[in-house]
Amino acid sequence: MKKNKKNKYAVYFTTDLNYWKHSFVSIRSLLENNDSIDVFLFYDKLNQKILNKFRLIFKGKLKLIKFQDNNIKKINYKFRPYFFRYFIPKKLKKYSKVLYLDSDTITLCNISKIFNTKLVKTIAAVKEPKYPTQKKFYIGNPYLKRFNSGVMLFNTKKYISKNYLKKIIITSKNFKDKWSDQPAANYIFKNDIKYINGKWNYLDKTDPKKINKKMILHFNNFKPWKINHNSEHVKLYRQYRKLIENYYFYDDLTFKSIVKKIINFFN
């Protein structure tokens, strides 16, 4: 990886034992198309065998950091790893902007231009294409503009100075019945966000006619590693995953999932 001379920008991922294979796919696609951005993976509960896979394949192009922060215990949510992403900007405060990418994304080309985004607000993200249908997916008015938290560009100085991490923690306690981190993030950043072009987070429910060029694919609904995925981009996902597994079928392969697949095929 070429050194980022000005040391201004970085991309980071977070992962755990359940998602590390998808993180590998996402990181591989990013590094294949970008060679001048500092890239970090903050991980939890990965064993040495898995960590060695990352080290062997990425050969110094990726910095592996064990996620450690006692404040994560304050997050009142069953799946705390969803909230790791909000702890990292403080850890990468030497960078003026940091880009978070979900582990179910695939980078299609050089994305350095996203860092040219004029970020007067604290974050930049892409609008969700559809309004939520269930109350657990939002806080407040469901018809307000909402963003997807799978790709977020942070102004680190503003994020830290406005103490947004503390606000995230408090909101997770007050609205513990919500699904994932996204309701809390939308509630907190609703007046401090810049909406950017959908090409930077092409969600699988987005109308392709509305996006001229896809830069980052996001499998936010149709997971290509599941037997009933319905994803149009499964071949691309498998292309990258073959680098760590010569053969695999689906991660959720069970008798029940096979039966469901057969029923869907004939309906």
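**Figure 1. Helix 1 passes helix 2 in a right-handed crossing.** A crossing is left-handed if the near helix is turned anticlockwise from the far one by less than a right angle, and right-handed if clockwise. Helices (DSSP runs of H or I, at least four residues) and strands (runs of E, at least two residues) are numbered from the N terminus. The structure is a predicted model, in which local features need pLDDT of at least 70 and side-chain atom pairs count only at pLDDT 80 or more, while totals for chains, interfaces and linings use all residues. Residues are numbered from 1 along each chain as its sequence is written, and side-chain values use heavy atoms, with hydrogens and water left out. The axes of helix 1 (residues 20–33) and helix 2 (residues 48–58) come within 12 Å and cross at roughly 10°. Helix 1 is therefore roughly parallel to helix 2. Axes are lines fitted to C-alpha atoms, for helices over the stretch in contact, and angles run from 0 to 180 degrees between N-to-C directions. Angles under 35 degrees count as roughly parallel, over 145 as roughly antiparallel, 65 to 115 as roughly perpendicular and the rest as oblique. On the side of helix 1, the contact (heavy atoms within 4.5 Å) involves Trp20, Phe24, Ile27, Arg28 and Leu31, which meet Ile50, Lys53, Phe54, Ile57 and Phe58 of helix 2. The residues of this contact divide into 8 nonpolar, no polar and 2 charged. Here Ala, Val, Leu, Ile, Met, Phe, Trp, Tyr, Cys and Pro count as nonpolar, Asp, Glu, Lys and Arg as charged, and the others, Gly among them, as polar. An α-helix has 3.6 residues a turn, so residues three or four places apart point the same way.

**Figure 2. Lysine 53 is found in helix 2.** This lysine 53 is partly exposed, with a relative accessible area of 29%. Buried means under 20% relative accessible area, exposed over 50%, and partly exposed in between (1.4 Å probe, protein chains only). Residues up to four places away in sequence aside, lysine 53 touches Trp20 and Ile244. The C-alpha atoms of lysine 53 and isoleucine 244 are separated by 7.8 Å, although the two residues are 191 apart along the chain.

**Figure 3. Helix 1 also approaches helix 7 (residues 234–241), with axes that come within 9 Å.** The two axes cross at roughly 90°, which means that helix 1 is roughly perpendicular to helix 7. Helix 1 contributes Lys21, His22, Phe24, Val25, Arg28, Ser29, Glu32 and Asn33 to the contact, and helix 7 contributes Tyr237, Tyr240 and Arg241. By class, the contact has 4 nonpolar, 3 polar and 4 charged residues.

**Figure 4. Asparagine 34 lies in the loop between helix 1 and strand 2 (38–44).** At 5% relative accessibility, asparagine 34 counts as buried. Apart from neighbours within four places in sequence, asparagine 34 is in contact with Thr107, Cys109, Asn110, Ile111 and Ser112. Asparagine 34 and isoleucine 111 are 77 residues apart in sequence, yet 7.2 Å apart in space, C-alpha to C-alpha.

**Figure 5. Helix 6 (residues 182–189) is mostly covered.** Of its 8 residues, 7 are buried: Gln182, Pro183, Ala184, Ala185, Asn186, Ile188 and Phe189. The cover over these buried residues includes strand 6 (123–127), strand 7 (147–155), helix 4 (156–161), helix 5 (164–174) and strand 8 (193–195).

**Figure 6. Helix 5 and helix 6 form a right-handed crossing.** Their axes come within 10 Å and cross at roughly 130°, which means that helix 5 is oblique to helix 6. Tyr164, Lys167, Ile168 and Thr171 of helix 5 meet Ala184, Ala185, Tyr187, Ile188 and Phe189 of helix 6. This contact of helix 5 with helix 6 has 7 nonpolar, 1 polar and 1 charged residues.

**Figure 7. Asparagine 163 has a positive phi although it is not a glycine, and serine 180 likewise has a positive value.** Most residues other than glycine have a negative phi. Asparagine 163, with a phi of about 55°, is found in the loop between helix 4 and helix 5. Asparagine 163 is partly exposed, with a relative accessible area of 39%. Serine 180, with a phi near 65°, lies in the loop between helix 5 and helix 6. At 11% relative accessibility, serine 180 counts as buried.
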